[in-house]
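Dear colleague,

I am handing over the structure below, and my notes on it follow. Please read them beside the model.

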Amino acid sequence: MATPFSFFEAFPALPTIKIVDIGAMILGADHYATLKKNGAQVIGFEPVEQEYQKLLANASPGQTYLPYAIGDGASRTFYQTQQPMCSSLYEPNTPLLTLFQNIESATTVVRTYPIQTHRLDDIPETLDADFIKIDTQGAELDILRNATARLAQATIVEVEVEFVSLYKNQPLFGDIDVFMRNQGYVLHCLSGAAGRAFKPLQLQRKPNDAIRQLLWSDAVYVKDFTKFELIEDTNLLKFAAILHEVYGSFDLCLLALSKLDARAGSDYSQRYTQRLGLKTHPQATANSK
């Protein structure tokens, strides 16, 4: 969603935001580019060698990339596919994939090899992450289970989820949702929900579109918004900045700023509503205290 103004221009001298990007290969538009433009630190991981080299070639100051497969710390088999973005620690579920248009070829395995995974909690570069993004084609829950210390520090997690088993024995959305709620997060939104049409039917103008069947999405989790008192002032301000710049979540951003003002005596929420061209309703102000 386009933002009506820059949070960083409205509130200069914000603390540095730290992003951990797991499955960091370059795929079209960078939806957290505005964070990087405004000095965010990025620690990214990409095990597909050619994609890792692209990241190194395009890295800017403040961006560090490592060729690690993030998981549970065990040695695993890596399934590299025809389309690198579909590569995974889980084997593609070909019998299911063949049911859908334009997906089986992308997930065709072209190479398998052993790979040592790394637990996110064991990687010192990921300390104090504010925003964690995970896109690993089925291995997301393995990563999250071994990142509980990092989840305790972060405030927003964007994780790819699947609604059917595109990869054999992979955890699905429901499994991830239960785990994240147990870590003090709640689902904020689903971004980019997508699927494919069942064969043989295909939409002529948009052959990659679903008719109704959802297959995957990015699930955006935020720290429980009924417990903002558990988030430190600096982290709450960074939380608001990410919500505004990446997701256009102006309402939750304003709620976070209101909670921050109530305990810190600041005026972020008033300035924010003015920049949005809104008037603060008296009842809303009262509820923020």
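How far does α8 reach from its first C-alpha to its last? The model is a predicted one, in which local features need pLDDT of at least 70 and side-chain atom pairs count only at pLDDT 80 or more, while totals for chains, interfaces and linings use all residues. Residues are numbered from 1 along each chain as its sequence is written, and side-chain values use heavy atoms, with hydrogens and water left out.

With 15 residues, α8 reaches 21 Å, close to the 21 Å expected at 1.5 Å a residue, the expected span being 1.5 Å times one less than the number of residues. Of the 15 residues of α8, 13 are buried (under 20% relative accessible area, with a 1.4 Å probe and protein chains only), so the helix is largely enclosed by the rest of the structure. Glycine 248, with a positive phi near 60°, follows α8.

α8 (233–247) also supplies at least two residues of the lining of the largest pocket, as do, among others, β9 (185–195) and β10 (214–223). The lining comprises 41 residues, and Met25, Leu27, Lys133, Asp135 and Asp218 lie nearest the centre of the pocket.

Elsewhere, an open sheet of 3 strands runs in the order β4-β6-β5 with mixed pairing, and its edge strands, β4 (69–70) and β5 (75–81), each pair on one side only. Pairing here requires that DSSP finds at least two bridges between two strands; β5 and β6 (residues 109–118) pair in the antiparallel sense over 7 bridges, and arginine 76 stands opposite isoleucine 115 in β6.

With best wishes

Notes: 1 Å grid on protein atoms, 1.4 Å probe; cavity = no way out; pocket = protein on both sides within 12 Å on 5 of 7 lines; lining within 4 Å. Helix = DSSP H or I, 4+ residues; strand = E, 2+ residues; numbered from the N terminus. Buried < 20%, exposed > 50% of the residue type's maximum accessible area, 1.4 Å probe, protein only.
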